[in-house]
Amino acid sequence: MAEATTNNEQQGGSKGIGAYLASHMREYGLLFALIAIMAFFQIVTNGVLLRPVNITNLLLQNSYIIIMALGMLIIIVSGNIDLSVGSVMGFIGALAAVMIVNWDMPMSITVLACLVVGGAIGAAQGYWVAYWQIPSFIVTLAGMLVFRGLSLWLLQGQSVGPFPPEFQVIANGFVPDLLPGGEALAGALGVRQVNVLALAVGIVAAAGIVWMGLRKRARNRAYGIEDEPQAFFIARNVIVAGALLFVLWKLATFRGLPNVLISMALLTVIYAFVTENTVIGRRVYALGGNRKAAKLSGIRTERLTFLAFVNMGVLAALAGLVFAARLNTATPKAGFALELDVIAAVFIGGASMSGGVGKIVGAVVGAFLMGVMNNGMSIMGIGIDYQQVIKGLVLLAAVIFDVYNKQKQG
């Protein structure tokens, strides 16, 4: 009798894993796709993809995409779209260049002014969308054209640069190793150098992810909420923690932690917490799920939409500063068509076209997936024409997958 019960539990457990994966394929399918794509490019590039210098380049090259994807997720979850982020990013980079290089303004004042201008741009666009009910597609399409033109006017059709070293540190700088023992550890492990701080951050972050997972699992049990099967929970945490330790080890043996990685990590944690654990986050999802119902329930939908666009403007401004510092110059074509990569990253990350669905972590993973594809295809020597075709097909596949899941669940 006990053996029969055990067999039934085992059978139920295996079915539970299959059923859980089927019902959460939107979330975990992206993780599996990222692992598969990275493994593919690691093989076809003969190990170049995961070299320390290339991992660092991946983080630096995709930092501004990830920063804007955080704001774009909130915009899309609220049921809107913002086509102007690339142009706003380019305009803010141009403004920073003119203020620092041409007007010799202090860096602190320039950064603060640029962020304020970005917020004002978001407020101007959000006002028409929120309070005049003009479709966001039209408002931000107009904004895309306006700020592209303003960038050309501000720079007078020419590139402006270079920036002083203290500004370049925003995108190209690295956190110094503040912990001792790097040389001894490098000698013991047989490598050229080890950044102890980067290694310590990796260990703490991996332990934190496992601890938060265990805490959430215990809370779900206490409240009787259905949770993922134990075997799947263990496997997922081992993969995520192992991947994080691997990346931080690679960074530790190169130049350590890039400044933009710290910025991206802090922003990701903050936005993930706000969207998943605060009242305003739940209201954003309610707004995108059913605007009329949200308004009837007492949510100030106009103000929420307005704030979503202000937030997007500030993040686009921050991305503009990072992009300009990365290139060490501001060009009239900066940010051209980058809004498409940002929107694609959010949709590939699991956001729904109709709003109300999407996660910050998914948007970040979607941005990294796009970045790995761009980087891997460039290493292979694939032309930009084929790269655009492949990225378009991946985006289409993600949207089709979203529609298929909705129909299946409905």
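The dialogue below moves from the overall fold to contacts, surface patches and the backbone.

Modeller: Please note that this is a predicted model, in which local features need pLDDT of at least 70 and side-chain atom pairs count only at pLDDT 80 or more, while totals for chains, interfaces and linings use all residues. Residues are numbered from 1 along each chain as its sequence is written, and side-chain values use heavy atoms, with hydrogens and water left out.

Biologist: How many helices and strands does the chain have?

Modeller: Helices (H or I, at least four residues) and strands (E, at least two) are DSSP runs, numbered from the N terminus. In this chain there are 17 helices and zero strands.

Biologist: What radius of gyration does the chain have, and what would a compact globule have?

Modeller: The radius of gyration is taken over C-alpha atoms, and the globule rule is 2.2 Å times the number of residues to the power 0.38. For 410 residues a compact globule would have a value near 22 Å, and the 23 Å of the chain agrees with this. The C-alpha trace spans about 85 × 65 × 40 Å along its principal axes.

Biologist: Which percentage of the residues is buried?

Modeller: Buried means under 20% relative accessible area, exposed means over 50%, and partly exposed lies in between (1.4 Å probe, protein chains only). Of the 410 residues in the chain, 45% are buried. One example is I65 in helix 3 (residues 52–77); I65 counts as buried because its relative accessible area is 7%. The C-alpha atom of I65 is separated by 7.8 Å from that of L338, although the two residues are 273 residues apart along the chain.

Biologist: Where is G90 found, and is G90 buried or exposed?

Modeller: G90 is found in helix 4 (residues 85–102). With a relative accessibility of 5%, G90 counts as buried.

Biologist: How many salt bridges does the structure hold?

Modeller: Side chains of opposite charge can pair when their charged atoms come close. A salt bridge is a side-chain nitrogen of Lys or Arg within 4 Å of a carboxyl oxygen of Asp or Glu. The structure holds two of them. In one, K295 pairs with E302, and the closest N and O atoms are 2.8 Å apart. K295 is partly exposed, as its relative accessible area is 43%.

Biologist: What is the distance between the closest N and O atoms of K391 and D341?

Modeller: These atoms of the K391 and D341 salt bridge are 3.4 Å apart. K391 lies in helix 17 (residues 384–409) and D341 in helix 15, so the pair ties together parts that are 50 residues apart in sequence. K391 is buried, with a relative accessible area of 8%, and D341 also counts as buried, at 19% relative accessibility.

Biologist: Which residues form the positive surface patch?

Modeller: Patches are made of residues with over 30% relative accessible area and no salt bridge: like charges are joined within 9 Å, and nonpolar side chains (Val, Leu, Ile, Met, Phe, Trp, Tyr) within 5 Å. Accessible areas come from the Shrake-Rupley method with a 1.4 Å probe, and for residues only the protein chains shown count as cover. Lys and Arg count as positive and Asp and Glu as negative, whereas His and the chain ends are not counted. The place of a charge is taken as NZ of Lys, CZ of Arg, CG of Asp or CD of Glu. Here R215, K216, R219 and K359 form the positive patch. K359 is found in the loop between helix 15 (338–348) and helix 16 (360–380), and counts as partly exposed because its relative accessibility is 39%.

Biologist: Which element gives the most to the nonpolar patch?

Modeller: The nonpolar patch, of about 380 Å², is made by F40, I43, V44 and M380. Helix 2 (residues 25–44) gives the most, with three residues. V44 is found in helix 2 and, at 34% relative accessibility, counts as partly exposed.

Biologist: Which peptide bond is cis, and what is phi of Q156?

Modeller: Most residues other than glycine have a negative phi, and most peptide bonds are trans. The bond from G161 to P162 is cis, with omega near -5°; P162 has its place in the loop between helix 6 (136–155) and helix 7 (165–172). Q156 lies in the loop between helix 6 and helix 7, and its phi is near 55°, a positive value in a residue other than glycine. Q156 is exposed, with a relative accessible area of 66%.
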